[in-house]
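Here's a quick tour for anyone meeting this protein for the first time. Have a look at the fold, then read on.

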Amino acid sequence: MASSSSQVADNYGVDNLAFFTPKHLNSPGSPYETSKPVPTLFTPLKIRGVTLRNRIIVAPMCQYSTAPSGPDTGKLTDYHIATLGHYALKGASLVFVEATGVQPNGRISPNCPGLWSDEQTASFKRVSDFIKSQGALSGIQLAHAGRKASTVPPWVAGKLGKPAGARATKEVGGWPENVVGPTGGSEQVWDGKGDDETGFWAPRQLSVSDIKELVNDFAQAARRSVEAGMDVIEIHAAHGYLLHQFLSPVTNRRNDQYGGSFENRTRVLVEVLEAVRKAIPSSMPLFLRVSSTEWLEDTEIGKALGSWTVEDTIKLARLLPDLGVDLLDVSSGGNHPQQRINMFASKDYQTKIANQIRKDLRGSNLQLLVGAVGLITEAEQARNIVDDTGVATTSQEPNIGEEAAAAKEMTQKSPNHEPMADVVLVARQFLREPEWVLRVAWKLGVDVAWPNQFLRVRFPKL
């Protein structure tokens, strides 16, 4: 039972919760009032009816930590409260639940979450409630894995002596007979290994009626997300999962209304976005993640069939404002093992692509926010990606690591600096440092609030 109003007032508790948690004196990760200029990275951002307390978002990260069978299949657990809740506690503005299947066969693995049933909603609400109790916004990424579904978690594959991505059989909760894609057959196995037991499953081709059901299931999952108290929904159309498979001429070999031309290959995604937008409140932000390029232009298969390119992404981006999308989350790759990209060496990695897309949108007077993701590990780098203030802040630890050095050049300021993106989405660095937001603020000399419970270990003021 929730705390009474008098108890809440007396104990500074968060209201309307079934448990007591202290209300923070100031929202963690938010700057204190000060006369000192604050970089854009730590300024609020309003999107429709919600406001991010800063521009740092926890990107969806697969954790393979839900029950694979039984009544709790696909439900979030206390593990997700412990992990996702901690990022919220330590100052992230928006925390995303990982890729969540809108259909049972849409999960990447049997251990991935799903929201295809009303019975799963309460588990997501528990996680969302805790995230929001710490001052952050809660988000969910709705997805369907398509031909990359029914695999086992990486550590399970290792235990079985198989590589990551090993197929999940029925014995471990998989669905070999129900892996799907825009096009079917053994030639559409993701890793091309066909009947090799270490590879992925061959998909069957979705019928038009299957596609209509898929669109409806995205909308129903969005409805459940609203009921679970999520603040933001993101549609996953990247990394070689089903909606990306429809976009790409490499994986979409259909000759009906869902294949062939750009308009036909984007049709499913457009229908999903329209259905989801109708299923959620007008005040709720809608994000879309795409692979901006498949990195197949210089490959044999890309030259033979064509591929999804940055130019295609820009063309798609121009359609999104009218579809009710508020932010384009720019990633890349994942649809074919022949992709050619060294992300640690490429100067054209994802942040520059995000910048290219953002410039085109601004030049066309289109209102669509852009998010950058990938290799964002350092304070100055994150600051420069979104900076539009010209604030000069200095890192307290100027010697950056090898991973960050690869991305540093592309975020150097020019005299006429414009933001490369509006927000940064960070994944792996939060696994290394759950307190990354607080550390970034300290490195940049920004005085931000800490959680009440951690004030005694707060970094010293500069």
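What follows goes from the overall build to the cores and then to one pair of helices.

## The big picture

This is a predicted model, where local features need pLDDT of at least 70, side-chain atom pairs count only at pLDDT 80 or more, and totals for chains, interfaces and linings use all residues. Residues are numbered from 1 along each chain as its sequence is written, and side-chain values use heavy atoms, with hydrogens and water left out.

The protein has 15 helices and twelve strands (DSSP runs, H or I of at least four residues for helices, E of at least two for strands, numbered from the N terminus). Of its 462 residues, 60% are buried, meaning under 20% relative accessible area with a 1.4 Å probe, protein chains only.

## The cores

A nonpolar core is a set of buried Ala, Val, Leu, Ile, Met, Phe, Trp, Tyr and Cys residues joined through side-chain atoms within 4.5 Å. The largest one holds 92 residues, and Phe42, Ile233, Ile235, Leu288 and Phe430 touch the most other members. A second, separate core has 16 residues, including Leu45 and Phe96.

Beyond its neighbours within four places in sequence, Phe430 is in contact with several residues, among them Ile56, Tyr87 and Trp436 (contact means heavy atoms within 4.5 Å).

## Two helices side by side

Helix H5 (residues 208–227) packs against helix H8 (residues 267–279) at about 35°, with axes 8 Å apart; axes are lines fitted to C-alpha atoms over the stretch in contact, and angles run from 0 to 180 degrees between N-to-C directions.

Phe218 is one of the H5 residues at this meeting, and Val272 is one of those from H8.

Technical notes:
Buried means under 20% relative accessible area, exposed over 50%, partly exposed in between (1.4 Å probe, protein chains only).
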